Amino acid sequence: PKFGAVLRAMVSFADTVIVPKDPTYNTVHESLRQYSPLFDGCISAIDGTHVPVCVARESHDDYTNRKGWASQNVLAVVDFNMRFTFVGVGMAGAVHDMAVLRKGWEAPTFPHPPPGLLP
């Protein structure tokens, strides 16, 4: 019970720390200006990875990824200063990457470009 409370506090803290520095995305990052207009509206970079986990025997198949080992699928978004702006965790390793992305972009803290930023 005590560990659950600590974990909930950590997740709550992460939601206030792992956020975009400028959530309005009013400017194009200086590293992208030379590529304008190709990357206008680009607010971050996204990637995923698998983190090895130990799971109960009855959950093993759900967490076995396509490489054959148990993992958790992790989605990460970083801004152009290499600061994390979103981290999505908790999806089993057998879950398809598109399902992980879909769950991430439905999260209230997922960084979306503001309306009108994209042409």
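**His-29 and its chain**

Visitor: Where in the chain is His-29 found?
Guide: This is a predicted model, in which local features need pLDDT of at least 70, side-chain atom pairs count only at pLDDT 80 or more, and totals for chains, interfaces and linings use all residues. Residues are numbered from 1 along each chain as its sequence is written, and side-chain values use heavy atoms, with hydrogens and water left out. Helices (H or I, at least four residues) and strands (E, at least two) are DSSP runs, numbered from the N terminus. His-29 sits in the loop between helix 1 (2–17) and strand 1 (45–52).

Visitor: Is His-29 buried or exposed?
Guide: Buried means under 20% relative accessible area, exposed over 50%, partly exposed in between (1.4 Å probe, protein chains only). His-29 has 17% relative accessibility, so it counts as buried.

Visitor: Which side chain makes a polar contact of 3.0 Å with the side chain of His-29?
Guide: A polar contact is a pair of N or O atoms within 3.5 Å; within protein, one must be able to donate a hydrogen and the other to accept it, and residues adjacent in sequence count only if both atoms are side-chain atoms. The His-29 side chain has such a contact with the side chain of Ser-31, at 2.8 Å. At 3.0 Å, the partner is the side chain of Asn-81.

Visitor: Which residues does His-29 touch, not counting residues up to four places away in sequence?
Guide: Contact means heavy atoms within 4.5 Å. On that basis, His-29 touches Phe-80 and Asn-81.

Visitor: In what order do the elements of the chain run?
Guide: The chain has three helices and three strands. From the N terminus on, the order is α-β-α-β-β-α.
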